[in-house]
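Please keep the model open while reading.

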Amino acid sequence: MLEPSLPKNDKQARWLIGIFSVVVFTAVVVLGRVKLDISVNFDVHIFAKINAFINASIAVLLVAALVAVKQKSYALHKRIMMLALLLSVAFLVSYIAHHLLAGEAKFGDSDHDGLVSEAEKLAVGSMRIVYYIILVTHIFLAAVILPFILFTAYRGLTGEYAQHKEIAKITWPLWFYVAVTGPVVYWMISPYYT
């Protein structure tokens, strides 16, 4: 096992993780409802492509980290997970930028008028339900996973490997689901970007 990278201070960790999680959640919710009315000289949906790429990369990293820890390559596992955390920060910045610049697209809005008519709903059929099931579960889990990820990382960085392993059994599949469904949501909604 690796030596701890952080001193153990559960009270401080709870406060920092709680504050950070609330600030990030609030920023995403508030800024997700704002659209800046500015003109830029590039396709703002590049951020959505970047988000899909980052999510897919995180999914690959999560699998690689799982393989590394199963092979007892703890230093490699730690480096991979730290990269996944850094990519998650990049994702948040890109996600907020996309929503600030692009606003919201509606699934099925093939004429890009901001409304989904009955004819457009019929055209996409049951895929609309599939899309919303994936989207809602993705958003819900993305909203609640952050403190789990941070507590899992904290337990690993403080050398509390038994606790790290226990919480990782919950965190890993949820984070993996969010990382995989992110590109799926992008693939399904991207035809409706204006």
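## Helix packing

Helices α2 and α3 pack at an angle of about 165°, with axes 9 Å apart. That makes α2 roughly antiparallel to α3. The crossing of this pair is left-handed. By class, the contact of α2 with α3 has 23 nonpolar, 7 polar and no charged residues.

This is a predicted model, in which local features need pLDDT of at least 70, side-chain atom pairs count only at pLDDT 80 or more, and totals for chains, interfaces and linings use all residues. Residues are numbered from 1 along each chain as its sequence is written, and side-chain values use heavy atoms, leaving out hydrogens and water.

A few terms need their cut-offs. Helices (H or I, at least four residues) and strands (E, at least two) are DSSP runs, numbered from the N terminus. Axes are lines fitted to C-alpha atoms, for helices over the stretch in contact, and angles run from 0 to 180 degrees between N-to-C directions. Roughly antiparallel means an angle over 145 degrees. A crossing is left-handed if the near helix is turned anticlockwise from the far one by less than a right angle. Contact means heavy atoms within 4.5 Å. Ala, Val, Leu, Ile, Met, Phe, Trp, Tyr, Cys and Pro count as nonpolar, Asp, Glu, Lys and Arg as charged, and the others, Gly among them, as polar.

Helix α2 (residues 46–70) also packs on α6 (residues 161–189), at about 150° and with axes 8 Å apart. These two are therefore roughly antiparallel as well. α2 passes α6 in a left-handed crossing. Contact residues include Ala 48, Lys 49 and Leu 66 of α2, and Trp 172, Trp 175 and Tyr 186 of α6. They divide into 16 nonpolar, 2 polar and 1 charged for the whole contact of α2 with α6.

## Helix lengths and the chain

The expected span is 1.5 Å times one less than the number of residues.

| Helix | Residues | First to last C-alpha | Expected span |
|---|---|---|---|
| α3 | 29 residues | 41 Å | 42 Å |
| α6 | 29 residues | 40 Å | 42 Å |

α6 bends by about 40° at Ala 168; the bend is the angle between axes fitted to the seven residues ending there and the seven starting there. α3 is followed by Gly 103, with a positive phi near 75°. The chain has 6 helices and 0 strands. Its C-alpha trace spans about 60 × 30 × 30 Å along the principal axes.

Notes: Parallel < 35°, antiparallel > 145°, perpendicular 65-115°, else oblique.
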